[in-house]
Amino acid sequence: MGVLMSRRQTVERVQKVSLAVSAFKDGLREQPSTRRRAEAGTARQGTLEQEVQEGEEEALAGPSQPEESSASKAAWERLRDGRGVEPEEFDRANRFTPPAFIRPKRELHDDEPPDISLEQREQIVNDEMCEICEVWTAESLFPCRICHRVYHDGCLRRMGYLQKDSAVEVTETAHTETGWSCYYCDNLNLLLTEEEMYSLMETLRNCKIIPGVCLTLDDFLHYKHQVHKQQFERTMPEAQEEQAALQFNALDPDKKGHIEWQDFLSHESIQLLQKIRPQNALLRLLTPKERERARAAFLALDQDSDGFIGEGECRQARHTWFRKHQKEMLSCNVRHPHFGGWPWGSSVARLSNEPTPACRNIDWPGFLRENVAYILAARPNSAALHLQPLA
């Protein structure tokens, strides 16, 4: 579809072109000797040990080593900045400039319990204009199922966020019960603060994980063993290794024998959030749409309307957050009135009718706390389960 441009967008593009032309002219004036001196000055930085090590690596690797080093550096920079699209994956000609992702910051009141009422429903209102071009074209806008943003498919293509199979996915699911997550909500790594991101990067570096590379089962288990040994200074128990293997299978739903880098990164991001932040802080990350769906799930499970559900029902409900990718759910005819057409509504309703063992009762705040990590982990469009629920 064609993409309309707002006045502000047009002005920004003109300014970017002017800056690019100026930079090109300045580059022509720059003398080669100046560039060589600058490069030599940069090369002299660092310790003697680093220089010796780099010299040995270059001698072993041959002339291709500088290119590999540059590619590795660029990969770490993309990881730090939260960019998931490789620059060489698509032609940037006639494309919009990707946004500069700003990582969140922790607030003083984040650890306090948020006020999320069960009785008071929240009104869900999407934006009226495309997040990218700021133009309104009614039915041609694709809404995000997590946040309030809406997009044109043409704008997403020009941003490089809609390519090949993903274009079909958006057009087929954005206006259905399944829904589609925008590029902000699809990337769980963007929930990390700068400090948390540097902590994750340090762990990945220490475990020799290369950004952008797929991981096999052996790679994944080796990484988990290293992380456990660094944290607890002992070997990971066999039970935890089995759980890690189950998590790998959940991240590889198509049984390809490896997990994609983005799925691995989302899994590690949600794992880190669970370890570092208290549940109250995680609850503040939920959007109005997610809170409303959680509210609908609890009301469907609370058949006698006493404000409590069984522990078994709460545990079973964790699996329902990941039903969004099952195509058969789109044709489901059984709906609970509280769910507003959410595809896993019938599954929760069926679970509530199944007998569960005697156990503790869980109220609405407890239901939110025990499910918040799974709700966040279900944001990505990928079919992978980024946080495997325990049986």
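The legends below describe close-up views of a predicted model.

**View 1. Asp252 in its loop.**
Asp252 sits in the loop between helix 9 (238-251) and strand 4 (258-259). Its relative accessibility is 4%, so Asp252 counts as buried, the cut-off being under 20%. A polar atom of the Asp252 side chain lies 2.9 Å from the backbone nitrogen of Lys256.

**View 2. Surroundings of Asp252.**
Neighbours within four places in sequence are left aside here. Beyond them, Asp252 is in contact with Gly257, His258 and Ile259. Leu385 is 133 residues from Asp252 in sequence. In space, the C-alpha atoms of Asp252 and Leu385 are 8.3 Å apart.

**View 3. The Tyr223 and Phe264 rings.**
The structure holds 12 aromatic pairs. One of them joins Tyr223 and Phe264, with ring centres 5.3 Å apart. Their planes meet at 75 degrees; angles over 60 count as edge-to-face, so this pair is edge-to-face. Tyr223 belongs to helix 8 (residues 217-232) and Phe264 to helix 10 (residues 261-276). The pair therefore ties together parts that are 41 residues apart in sequence. Tyr223 is buried, at a relative accessible area of 2%. Phe264 is buried too, and its relative accessible area is 0%.

Trp261 and Phe264 are three residues apart in helix 10, so about one helical turn separates them. Trp261 counts as buried because its relative accessibility is 12%, under the 20% cut-off.

Six residues are shown as one aromatic cluster: Phe101, Tyr151, Tyr161, Trp180, Tyr183 and Tyr184.

Key. Residues are numbered from 1 along each chain as its sequence is written. This is a predicted model: local features need pLDDT of at least 70, side-chain atom pairs count only at pLDDT 80 or more; totals for chains, interfaces and linings use all residues. Side-chain values use heavy atoms; hydrogens and water are left out. Helices (H or I, at least four residues) and strands (E, at least two) are DSSP runs, numbered from the N terminus. Buried means under 20% relative accessible area, exposed over 50%, partly exposed in between (1.4 Å probe, protein chains only). Contact means heavy atoms within 4.5 Å. A polar contact is a pair of N or O atoms within 3.5 Å; within protein, one must be able to donate a hydrogen and the other to accept it, and residues adjacent in sequence count only if both atoms are side-chain atoms. Rings of Phe, Tyr and Trp (its six-membered ring) pair if their centres lie within 6.5 Å; planes under 30 degrees apart count as stacked, over 60 as edge-to-face and the rest as tilted.
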